[in-house]
Amino acid sequence: MCKRVSSGLTYAVLMAATMALGGEAQAQNFTISGTVSQAETIANGSAFVSNDFPTDRFQITIVDAANLSLTLNSANFASLFPTRAHIGIRSEAESTAGTIFPALPIYGVSSDASGLLWPKTRDLSGLFANGNYELFFASDYESVDGGPYSFTVNGAILGWPPAVAAQLSALSQGSASLSRGIVIMAGEVAATKANDGLSTGTSTTTASSRGTDPTAINTWVKFTGFVVNGNDLRQTATGFQLGGDMHVMSNLALGLSIGHSEVNSNAGGFDLSGDLTFIQPYLAYVNGPMRAEASLIYGRGDFEQVSLGGTGTADTTLVAATLSGAYDYVLAEGHTLSPMASLSYGKEESKGTGGTLAGAGTETTTFGRASIGARYTRAFDIGTAFVGAHADYDYSNGDANLIAGFDDDTGLAGRVELGVNAAITDRLNLRTNMSVGGLGTSTKDVAAGLTLSMSF
């Protein structure tokens with residue numbers, strides 16, 4: 001949200017707004033409490049003056065001009081002599097050009113030491129059209145150093161709506177940030193399931209960690225989800241993947257999966273929601289204690305974004321790839337330590353399709369993760385349990401990157417994981433896993449999954 005205040009002012013903004021974007025215009029309101037202390041030239045009464053007055057300025061958007069009003073709740077600029085408060089409004093164009101506030105006597109009240117005469121309400125209906133304006137609030141006396149005040153504006157909201165370019169940038173950055181998390185989870189689950197049933201060349205880990213039938217056809221379904229919580233970033237995703245793979249050789253598996261996720265994001269005053277559907281061919285290869293996995297991902301998304309500027313929609317196209325590898329050290333019977341590394345890279349194109357983003361064009365954001373770490377696996381009678389620790393480096397880069405907040409979850413961070421893989425029957429396996437990332441940073445993420453797989 002954008003607001004502009006003269007240098008040196010101290011203020012507290014309390015906003016109570018109920019937004020009905022995309023529907024009929026309804027009265028909006030906000031309340032501002034502050035202390036004016038910055039002197040500047042303003043218009044006084046019915047004529048321009050060159051005197052300096054304590055003044056405070058704010059960017060506002062009039063959204064219901066027919067019901068526009070201002071209520072002065074309190075003001076205390078001087079207690080020893082009468083004080084008047086002045087309110088002025090100029091358009092965005094006049095503000096950009098630096099035009100002096102027009103001499104519009106919108107508000108003038110008096111008080112004295114015997115008592116204040118607030119609140120006072122001034123009807124401003126019909127004086128302005130809906131649009132962007134700058135509002136000033138000033139004392140009437142240049143000799144006064146300023147003081148506390150509070151006023152409420154009805155029929156307007158605080159701040160100017162973001163430009164279309166900023167709205168498209170926010171959608172592109174937000175959807176790509178969500179897609180990065182989905183790609184990372186998709187790469188992990190495909191690698192895990194492709195390895196089920198493959199021969200490792202080490203009898204101590206074959207049965208416990210990768211199944212017992214190296215020639216089986218495996219089918220599986222996994223339910224996934226993650227939550228990201230940062231300084232100015234909130235994101236959630238829930239979804240599922242369906243897949244199957246065939247072991248074309250004892251040490252090579254090829255597979256295909258489809259996935260769908262419902263996602264939500266909030267950052268920088270932009271609320272994003274939508275869904276992403278993708279297809280993912282994958283493979284896994286094992287040579288003795290070494291293993292490697294790779295996958296390609298192609299997806300299409302449909303998103304809606306709500307901001308101060310209104311509601312806009314966009315379609316997204318995702319292309320990504322994942323690559324991972326590990327080396328299994330057998331520490332003892334049933335105990336394995338696996339150093340591992342992984343890379344993921346993606347590119348997502350967002351195209352405005354409707355609402356405030358109709359005709360906005362396209363924007364592309366690239367993203368990725370590089371990870372290195374280790375996992376300890378312990379075999380038991382019906383399966384395995386594991387714990388792991390990793391260092392992740394996440395990055396994201398868009399055409400514009402106009403909105404702060406979406407980079408809260410980028411950079412270097414730690415991650416820990418744990419999980420269990422258990423055989424329910426000879427053909428049915430259950431796997432659960434959870435990870436906590438963002439360790440060492442202000443942005444934390446939690447991911448979890450539940451996988452059911454069947455071989456035949």
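**View 1. Tryptophan 220 is buried, with a relative accessible area of 4%.** Buried here means under 20% relative accessible area, exposed over 50% and partly exposed in between (1.4 Å probe, protein chains only). Please keep in mind that this is a predicted model, where local features need pLDDT of at least 70, side-chain atom pairs count only at pLDDT 80 or more, and totals for chains, interfaces and linings use all residues. Residues are numbered from 1 along each chain as its sequence is written, and side-chain values use heavy atoms, leaving out hydrogens and water.

**View 2. The structure holds 4 aromatic pairs.** Rings of Phe, Tyr and Trp (its six-membered ring) pair if their centres lie within 6.5 Å; planes under 30 degrees apart are stacked, over 60 edge-to-face, and the rest tilted. One of the pairs joins phenylalanine 58 and phenylalanine 151 edge-to-face, 6.3 Å centre to centre with 75 degrees between the planes. Phenylalanine 58 sits in strand β4 and phenylalanine 151 in strand β9, so the pair ties together parts 93 residues apart in sequence; strands (E, at least two residues) are DSSP runs, numbered from the N terminus. Phenylalanine 58 is buried at 0% relative accessibility, and phenylalanine 151 is buried at 0% as well. Tryptophan 220 and tyrosine 282 make a tilted pair, 6.4 Å centre to centre and 55 degrees between the planes.

**View 3. Arginine 375 lies over the face of phenylalanine 386.** The distance from the ring centre is 4.6 Å. Such a charge counts if NZ of Lys or CZ of Arg is within 6 Å of the ring centre and within 35 degrees of the ring normal.

How values were computed: Helix = DSSP H or I, 4+ residues; strand = E, 2+ residues; numbered from the N terminus.
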